[in-house]
Amino acid sequence: MDIWRGQVDEVLAGLGTGREGLGVAEAARRLATFGRNRVEARPRQVLALRFAREFTHFFAIILWIAAALALVADRFDPGQGMGALAAAIVGVIFVNGCFSFWQEYRAERAIEALAALLPQRALVCRDGVLETVLAQDLVPGDVIVLEAGDNVPADCRVIGAQGLRVNAATVTGESRPVGRVAEPVEAAGAEDARNLVLAGTSVVAGHARAVVFATGMHTEFGRIAHLSQHTEERPSPLALEIARLSRLVALAATALGAVFFFVGRAIGVPFWDSALFAIAIIVANVPEGLMPTVTLSLAMATQRMARRNALVRHLPAVEALGATTVICTDKTGTLTENRMRVVSLLAGGRERTPR
């Protein structure tokens, strides 16, 4: 039976608890069984490997090869500026990689702030006595007390309420406070049930008692976190285009260098002179400034979006958003700014523009 369809006593019996809550010993046993009430983070790649990744993508590899060829040319024909060019290319790779890594690292630190949506402590009834415990120690069957201003620590079924209204925007996307009751209701799912309060939402008015039925990653908030952590990451349109351009540049530069090498040999130019000239041609055709230019442009776009409270984790995602032609959604609150203003006024049969 869906928990929102049952009577309060049936729900309490099903969870093996009562209106006075669990005993301390039973709560400890359930904590060992169900685990801590917290959103588990996805294991991250070692920081050093994430940093190294910024220097090993395809275009960076082309630049590394160009720098190596420039060093070879400088070794056999010094004084032509190829050594300085090699140093400049390596500098471009290093600065661009560090900048990209710092942008993504800073965005991830900001995303971690989402964990603050869950309260650190909760008022729970244990052995009939109200006490304050860490929110991560809540277990299914605990009876908690909610007051205006509280954040809901776990998914709960309301068992008694007076004027209870909650803001469920973090789960449903709708910012308008909605009322909650203790009576059984018919609903399509947990998000729509008027007798449930979900983890991550907040109480804006009234007070209530509620029994916990899901904690940690089993809550609706936890499921959202799981989906966001395990979505398949696909290259953005810009990343695909840069990869395609990198292959074309690499092939064209190599082909052009080979052509000039064989032409030089055909007209009697010494082997090393032809080889050094071919290397210079290849290096000259690699656009060293493309990578920092693209990175800087995307970084400026992320800063503009940040000023509008839009957080971008990966730089190429900015361009991916710009390439979007259709957005399918069923939540108007997701796309609006939660602000309403009059844009036109019809009075006396005439349309007027408000001032």
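Trainee: Which residues does Glu220 touch, not counting residues up to four places away in sequence?
Mentor: Good place to start, and keep in mind that this is a predicted model. Glu220 lies in helix H7. Leaving aside residues up to four places away in sequence, Glu220 touches Asp155, Val171, Ala190, Glu191 and Leu198.

Trainee: Is Glu220 buried or exposed?
Mentor: Its relative accessible area is 15%. Buried means under 20%. Glu220 is therefore buried.

Trainee: What separates the C-alpha atoms of Glu220 and Val171?
Mentor: Val171 is among the residues that Glu220 touches. Along the chain, the two are 49 residues apart. Their C-alpha atoms, though, are separated by 7.4 Å.

Trainee: With which side chain does the side chain of Glu220 make a polar contact?
Mentor: Here we look at a pair of side chains, with a separation of 2.6 Å. The partner of Glu220 in this polar contact is Arg223.

Trainee: Where does Thr219 lie, and is Thr219 buried or exposed?
Mentor: Thr219 lies in the loop between strand S7 (202-214) and helix H7 (220-229). The relative accessible area of Thr219 is 2%. Buried means under 20%, so Thr219 is buried.

Trainee: Which backbone nitrogen does the side chain of Thr219 reach?
Mentor: Let's look at both backbone partners. A polar atom of the Thr219 side chain lies 2.8 Å from the backbone oxygen of Gly216. The side chain of Thr219 also reaches a backbone nitrogen at 2.9 Å, and that nitrogen belongs to Gly222.

Trainee: What is the phi of Asp127?
Mentor: Find Asp127 in the loop between strand S1 (121-126) and strand S2 (129-134). Asp127 is exposed, with a relative accessible area of 52%. Most residues other than glycine have a negative phi. Asp127 has a positive value, near 55°.

Trainee: Are helices H4 and H8 roughly parallel or roughly antiparallel to each other?
Mentor: Helix H4 (residues 58-76) and helix H8 (residues 237-266) pack with their axes 9 Å apart, at an angle of about 25°. Angles under 35 degrees count as roughly parallel. H4 and H8 are therefore roughly parallel.

Trainee: Which residues in H4 meet H8?
Mentor: H4 passes H8 in a left-handed crossing. The residues of this contact divide into five nonpolar, one polar and one charged. On the H8 side they are Ala243, Ser246, Arg247 and Ala250, and on the H4 side Phe58, Phe59 and Ile62.

Trainee: Are H8 and H9 roughly parallel or roughly antiparallel to each other?
Mentor: H8 and helix H9 (residues 271-284) have axes 8 Å apart and pack at an angle of about 155°. Angles over 145 degrees count as roughly antiparallel. H8 and H9 are therefore roughly antiparallel.

Trainee: How do the residues of the contact of H8 with H9 divide?
Mentor: The crossing of H8 and H9 is right-handed. Its contact includes Phe260 and Phe261 of H8 and Ile281 and Ile282 of H9. The residues divide into 10 nonpolar, four polar and one charged.

Trainee: How many helices and strands are there in the chain?
Mentor: Let's step back to the whole chain, where buried residues make up 34% of the 355 residues. As for its elements, there are 12 helices and nine strands.

Note on methods: Residues are numbered from 1 along each chain as its sequence is written. This is a predicted model: local features need pLDDT of at least 70, side-chain atom pairs count only at pLDDT 80 or more; totals for chains, interfaces and linings use all residues. Side-chain values use heavy atoms; hydrogens and water are left out. Axes are lines fitted to C-alpha atoms, for helices over the stretch in contact, and angles run from 0 to 180 degrees between N-to-C directions. Helices (H or I, at least four residues) and strands (E, at least two) are DSSP runs, numbered from the N terminus. Angles under 35 degrees count as roughly parallel, over 145 as roughly antiparallel, 65 to 115 as roughly perpendicular and the rest as oblique. A crossing is left-handed if the near helix is turned anticlockwise from the far one by less than a right angle, and right-handed if clockwise. Contact means heavy atoms within 4.5 Å. Ala, Val, Leu, Ile, Met, Phe, Trp, Tyr, Cys and Pro count as nonpolar, Asp, Glu, Lys and Arg as charged, and the others, Gly among them, as polar. Buried means under 20% relative accessible area, exposed over 50%, partly exposed in between (1.4 Å probe, protein chains only). A polar contact is a pair of N or O atoms within 3.5 Å; within protein, one must be able to donate a hydrogen and the other to accept it, and residues adjacent in sequence count only if both atoms are side-chain atoms.
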